[in-house]
Amino acid sequence: MGYVDWDFAITTGRTLAPAGPTVSAAQASAEVQAIREAAERARGPVAETSRLQTPADAPAALVVDRPTWIAVNAHSMGALLEPAIETLTAGRPASAAAASIGGKVTGAEAGALLAYLSTKVLGQYDLAPEGDPALLLVAPNIMSVARELEVDAADFRLWVCMHEETHRVQFTANPW
C-alpha cells in the first residue's frame, strides 16, 4: 500500500462526480459522434496555422465521460507522483496501519479533487507516463458548457477540439 491509494481515489472520484447533463441514449451517441468528427476536422486547421503536424499514426481522440477521465488522470497522477513520494519518504517507513489509513485518506482527497475537476475539464492531452498518450475530450462537459453559454454546439465542439489538438501538436510534432 502506498502513501496514496490511487484505486481508492478512482472509486471516490467516480462516486462524487455528477453524471452530467440528462440526455437520452440517442442524444449521447449523437454528441459523441459529433465530437469525434469535430476532433478529426480540427487537425487540418491546427496544422495549417501552426505549420506543425500531429504524427500520422497518432490515435484518434478519445471521447470520454467523467468517470473515465477520473481513472485516466488518477493513473497519470500516480505515475508522476509516486517517484517523488518515494524520494520524500525514503528512510521514513510508516507502520502498516498508518500506511493503509493514510493511503485511504490521501486517496479520498485525490479522488475528491478529481471529481471536482472532472466537471470542469473540456479536454486534455494526457501524456500518460506509463501508458499511451491520448487526446481526451469530455463529452458531458462539452455539452453542458455549450448549453450554459448558449452558443452553437457545433462551433463550440470544433473550438474545443482545435484547442486540444493544438496541445497535442505541441507535444508530438517535435522531439522534446
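This is a predicted model: local features need pLDDT of at least 70, side-chain atom pairs count only at pLDDT 80 or more; totals for chains, interfaces and linings use all residues.

Trainee: Why is the contact between K104 and D5 called a salt bridge?

Mentor: The term needs a side-chain nitrogen of Lys or Arg within 4 Å of a carboxyl oxygen of Asp or Glu. For K104 and D5 the closest N and O atoms are 2.8 Å apart, so the pair qualifies. K104 sits in helix 4 (residues 96-118) and D5 in the segment before helix 1 (6-16), 99 residues apart, so this pair links distant parts of the chain. Helices here are DSSP runs of H or I with at least four residues, strands are runs of E with at least two, and both are numbered from the N terminus.

Trainee: How many salt bridges does the rule give?

Mentor: The count is five. One of them joins E31 and R157, at 3.0 Å from N to O. That pair also links distant parts of the chain: E31 is in helix 2 (residues 25-50) and R157 in helix 6 (residues 153-172), 126 residues apart. Both E31 and R157 are buried.

Trainee: And why does the pair E40 and R43 count?

Mentor: Their closest N and O atoms are 4.0 Å apart, and the rule says within 4 Å, so the pair is counted. E40 and R43 are three residues apart in helix 2, which means about one helical turn separates them. E40 is partly exposed, at 48%. E40, R43, E165 and R168 are linked in a network of salt bridges.

Trainee: How do you know that strand 2 and strand 3 pair?

Mentor: Two strands pair if DSSP finds at least two bridges between them. Strand 2 (residues 123-126) and strand 3 (residues 134-138) have four, so they pair, in the antiparallel sense. D126, for instance, has A134 as its bridge partner in strand 3. Strand 1 and strand 3 run parallel and are joined by three bridges, with V64 partnered by V138 in strand 3.

Trainee: What makes the sheet open and mixed, and which strands are at its edges?

Mentor: The three strands form an open sheet in the order 1-3-2, with mixed pairing. Strand 1 (62-64) and strand 2 are at the edges, each with a single partner strand, so one side of each has no neighbour in the sheet.

Trainee: Last one: what makes a set of residues a nonpolar core?

Mentor: They must be buried Ala, Val, Leu, Ile, Met, Phe, Trp, Tyr and Cys residues joined through side-chain atoms within 4.5 Å. The largest such core has 18 residues, and W6 and W69 touch the most other members. Helix 1, helix 3 (66-89), helix 4 and strand 3 each supply at least two residues of this core. Its largest share, five residues, comes from helix 3. Apart from it lies another core of 17 residues, among them A38, A42, A146 and V160.

Notes. Residues are numbered from 1 along each chain as its sequence is written. Side-chain values use heavy atoms; hydrogens and water are left out. Buried means under 20% relative accessible area, exposed over 50%, partly exposed in between (1.4 Å probe, protein chains only).
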